[in-house]
Amino acid sequence: MEMATQEEEAWLWTQIKAEARRDAESEPALASYLYSTILSHSSLERSLSFHLGNKLCSSTLLSTLLYDLFLNAFSSDDSLRSAAIADLRAAKERDPACVSYSHCLLNYKGFLACQAQRVAHKLWRESRRALALALQSRIADVFAVDIHPAAKLGKGILFDHATGVVVGETAVIGNNVSILHHVTLGGTGKVGGDRHPKIGDGVLIGAGATILGNVKIGEGAKVGAGSVVLIDVPARTTAVGNPARLVGGKERPSMHQDVPGESMDHTSFISEWSDYII
């Protein structure tokens with residue numbers, strides 16, 4: 001891991017522990033919980049591994065086994081740790097409801113599902129596919145987030161609320177992407193091979209949007225809530241509706257300069273959407 005990333009991880013872990021101590025003092029009912037999940041651990045990867053192990057365990061899939069599995073993955077793969085750091089920052093910076101890094105670490109199921117999927121993806125690439133699929137099943141059961149272990153996720157990802165998110169086997173999600181609840185990145189039926197969406201960097205996908213097939217959502221594009229997308233969406237454009245249409249029209253679509261996956265601007269297109277009537 002690069003020196004800058006190591007310093008960022010150290011700063012973030014110090015911040016998380018300080019937040020946990022503050023919360024334990026102000027709310028004694030949580031003191032034991034915060035000690036066992038954060039304050040008793042020497043590093044972010046140990047805390048995260050412990051928490052994921054306890055969240056995803058079952059009567060036949062023990063928390064101690066999962067803890068060792070997660071800790072080995074995070075300790076041996078710098079990219080997993082740097083992605084977790086970027087995801088924590090994404091939640092804190094983009095979601096006004098995220099009051100602290102420790103809140104995200106402990107309570108944001110979108111964040112937790114994402115970290116667990118990355119470990120499942122590592123297992124998938126190592127041909128430990130039975131375990132990867134078992135982990136996918138537990139993530140879906142516990143967090144209501146169903147991401148195939150073969151799907152490729154970037155970093156700086158925010159699954160906001162996260163309930164009902166479905167991501168298919170050959171999907172790819174870029175960096176600094178924000179995805180709201182009940183979003184589907186799915187296939188179109190029984191077609192095999194590369195059959196799921198490719199989401200570019202900085203994309204924002206609104207709640208309940210459905211994107212089907214091996215289509216490309218260009219860098220910095222925006223997909224409005226409830227939209228159904230079946231064809232490519234050009235970079236820096238906005239697609240809304242069912243079936244989705246480009247704001248400004250297909251020939252000369254309106255272009256935006258911001259990065260919606262970071263700005264979380266869901267509604268600025270409405271002023272240009274002439275048939276929006278109440």
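Predicted model: local features only at pLDDT ≥ 70, side-chain atom pairs only at ≥ 80, totals over all residues.
Strands here are DSSP runs of E with at least two residues, numbered from the N terminus. By class, the lining of the largest pocket holds 10 nonpolar residues, one polar and three charged.

Five strands make up an open sheet with parallel pairing, in the order E1-E4-E7-E10-E13. Strand E1 (146–147) and strand E13 (228–229) are at the edges with a single partner strand each, so one side of each has no neighbour in the sheet. Further in, strand E7 (residues 184–186) runs parallel to strand E10 (residues 210–212), and three bridges join the two.

Helix H5 (78–94), H7 and strand E2 (152–153) each contribute at least two residues to its lining. This pocket contains about 170 Å³ of space. Of its 13 lining residues, Ser79, Leu80, Arg118, His121 and Leu153 lie nearest the centre. The lining of the second largest pocket divides into three nonpolar, five polar and five charged residues. Domain 1 (1–145) and domain 2 (151–278) each provide at least three residues of this lining.

Helix H7 deserves a look of its own. H7 (residues 109–125) has 17 residues and spans 24 Å from its first C-alpha to its last, close to the 24 Å expected at 1.5 Å a residue. The helix is mostly covered, with 15 of its 17 residues buried. After H7 comes Ser127, with a positive phi near 65°.

Searching the whole structure finds two cavities of 30 Å³ or more. The largest cavity holds about 50 Å³ of space, and its lining includes Asp87, Ala91, Tyr108, Cys114 and Phe159. H5, H7 and strand E3 (158–159) are the elements that give two or more residues to this lining. H7 gives the largest share, four residues. Seven residues of the lining of the largest cavity are nonpolar, two are polar and one is charged. Why does this cavity lie between domain 1 (1–145) and domain 2 (151–278)? Both domains give residues to its lining, so the cavity lies between them.

The second largest cavity has about 40 Å³ of space. Glu9, Leu44, Glu45, Leu48, Phe74, Arg81 and Ala84 form its lining. Helix H3 (44–56) and H5 are the elements giving two or more residues to the lining of this cavity, and H3 has the largest share with three. The lining of the second largest cavity has four nonpolar and three charged residues, but no polar ones.

Methods:
Residues numbered from 1 in each chain as written. Heavy atoms only, no water. Pairing = 2+ DSSP bridges. Expected span 1.5 Å × (residues − 1). Buried < 20%, exposed > 50% of the residue type's maximum accessible area, 1.4 Å probe, protein only. Nonpolar A, V, L, I, M, F, W, Y, C, P; charged D, E, K, R; others polar. 1 Å grid on protein atoms, 1.4 Å probe; cavity = no way out; pocket = protein on both sides within 12 Å on 5 of 7 lines; lining within 4 Å. Points joined across faces, edges and corners; volume = space filled by probe spheres on them. Domains from an automatic or database assignment.
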